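Student: I have a structure open and would like to learn how to read it. Could you walk me through it, one feature at a time?

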Amino acid sequence: MSTLSISLPGGIWTLGDLTVTRFGYGAMQLAGPGVMGPPTDHDGALAVLREVVDLGITHIDTADAYGPRVTNQLIREALHPYADSLHIVTKVGATRDEQGGWPPARRPEDLRRAVHENLENLGLETLDVVNLRLGDAQGPRPGSLAEAFETLVDLQRQGLIRHLGVSNATAEQVAEARSIAPIVCVQNMYNLAHRHDDELIDELAEQGIAYVPFFPLGGFSPLQSSALSAVAARLHATPMSVALAWLLRRSPNILLIPGTSSVAHLRENVAGAGLSLSDEDLAELDKIGR
Ligand SMILES: NC(=O)c1ccc[n+]([C@@H]2O[C@H](COP(=O)([O-])OP(=O)(O)OC[C@H]3O[C@@H](n4cnc5c(N)ncnc54)[C@H](OP(=O)(O)O)[C@@H]3O)[C@@H](O)[C@H]2O)c1
């Protein structure tokens, strides 16, 4: 790992035996509008990925469903052969339809195909971490994950996957996965304004399992809150910086994967996440999602 990465806000975390910077990067925004098709600025997308690595970030979150295939192929084009320190986390369990929807694809044959396609598109022989993506575009849905998760465990035994995680999951599904095989991360929607997983985050922290919030900046609709704007104005910072800095303070097992298609925004986010928040700031921010 470069010395620079150690100085990224939040320091480092280990996913099983893999060391990653807590400040990571989510690649979904690199695909075209609606996360479909190629980016409007192909070279710009490659530049963002190269900047990610140059900044010392060692955790990239992706999926073959982005584009579909587009972000994985961009990652390969920009960064392959990968540095040993770089860890790419992907997810399986959803596909894309012609309307841009995200239908589930969690039958054993769907998952086997998806793992092989991720390996091919990323140019890898083993995937570092694979999240089983559950639920639907509206959020987690109850129900057993056993058949799907056991399929991934089987692929892990074959050496195609190093570590497993779950995404868009209920607390019960997280517990069910853990009763089948160890997981290193849970990737769910969470940010200053959406705090449904507060209890789960604390439980996972005790177990040494990472919690990776998706939509850390609000996703497709930016976080808006008068309390957030007030704290940001007081600190002469942007609401996005405050939102990222708050997540790093919220719990040591939280890893950041903010998405951006812009080198300037990426740099802003790295700098912003290092913002120092006082106890007074934290108390004010804590009220937003309660
Ligand atoms: N597991 C799942 O089901 C799931 C679902 C959704 C997402 N994810 C993962 O989570 C990652 C993060 O989520 P996300 O990218 O959807 O949402 P996000 O990180 O909450 O927000 C991304 C949005 O914020 C904008 N943005 C970022 N930095 C900015 C800045 N400094 N100033 C102004 N605007 C800024 C981006 O636009 P610009 O491009 O213009 O910067 C983009 O529109 C994704 O990339 C993906 O890897 C997982």
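This is a predicted model: local features need pLDDT of at least 70, side-chain atom pairs count only at pLDDT 80 or more; totals for chains, interfaces and linings use all residues.

Student: Which residue in S2 does isoleucine 12 stand opposite?

Tutor: Strands of a sheet pair through backbone hydrogen bonds, either parallel or antiparallel. Here, isoleucine 12 stands opposite threonine 21 in S2. The two strands, S1 and S2 (residues 18–21), run antiparallel and are joined by 4 bridges.

Student: How many residues lie between the strands in the hairpin of S1 and S2?

Tutor: There are 2 residues between them, and in this hairpin glycine 16 takes a positive phi near 60°.

Student: Which residues of strand S1 are on its covered face, and which on its uncovered one?

Tutor: In S1 (residues 12–15), Trp13 and Leu15 form the covered face, while Ile12 and Thr14 form the uncovered one.

Student: Now for the open sheet. What is the order of its strands?

Tutor: The 7 strands follow the order S3-S4-S5-S6-S7-S8-S9, with parallel pairing. Take S6 and S7 as an example: 6 bridges join them, and they run parallel. Within that pair, leucine 127 stands opposite isoleucine 161 in S7. Strand S7 (residues 161–167) is mostly covered, with 6 of its 7 residues buried.

Student: Why is one side of S3 and of S9 left without a neighbour in the sheet?

Tutor: Strand S3 (25–26) and strand S9 (210–211) stand at the edges and each has a single partner strand, so one side of each has no neighbour in the sheet.

Student: Which members of the largest nonpolar core touch the most other members?

Tutor: The general idea is that in soluble globular proteins, nonpolar side chains tend to be buried together. In this model the largest nonpolar core has 80 residues, and Cys185, Ala210 and Ala243 touch the most other members. Helix H9 (residues 239–250) gives the largest share of this core, 8 residues. Leaving aside neighbours within four places in sequence, alanine 210 is in contact with Trp13, Leu15, Val184, Cys185, Asn253 and Leu255.

Student: Does serine 144 count as buried or exposed?

Tutor: Serine 144 has 10 C-beta neighbours inside 10 Å, so serine 144 counts as exposed. Look for serine 144 in the loop between strand S6 (127–133) and helix H5 (146–157). Serine 144 and alanine 177 are 33 residues apart in sequence, and 9.2 Å apart in space from C-alpha to C-alpha.

Student: How many residues surround the ligand, and which are the closest?

Tutor: 26 residues surround the ligand, and the closest are Gly26, Met28, Leu217, Gly259 and Thr260. By class, this shell has 9 nonpolar, 13 polar and 4 charged residues. Its largest share, 3 residues, comes from helix H10 (residues 263–273).

Student: Which residues of H10 are buried?

Tutor: They are Leu266, Asn269, Val270, Gly272 and Ala273. Helix H2 (42–54) and H9 are among what covers them.

Student: What feature does UniProt place at residues 24–288?

Tutor: The unreviewed UniProt entry places "domain: NADP-dependent oxidoreductase" there. In this model, residues 24–288 are 42% helix and 11% strand, and the end C-alpha atoms of the span lie 25 Å apart.

How values were computed. Residues are numbered from 1 along each chain as its sequence is written. UniProt positions are given in the numbering used here, feature names are shortened, and annotations may be inferred rather than shown by experiment. A nonpolar core is a set of buried Ala, Val, Leu, Ile, Met, Phe, Trp, Tyr and Cys residues joined through C-beta atoms within 7 Å. A residue is buried if 20 or more other C-beta atoms lie within 10 Å of its own, exposed if 12 or fewer, and partly exposed in between; C-beta atoms are placed from the backbone. Two residues are in contact if their C-beta atoms, placed from the backbone, lie within 7 Å. A residue is near a molecule or strand if its C-beta atom, placed from the backbone, lies within 6 Å of it. Ala, Val, Leu, Ile, Met, Phe, Trp, Tyr, Cys and Pro count as nonpolar, Asp, Glu, Lys and Arg as charged, and the others, Gly among them, as polar. Two strands pair if DSSP finds at least two bridges between them.
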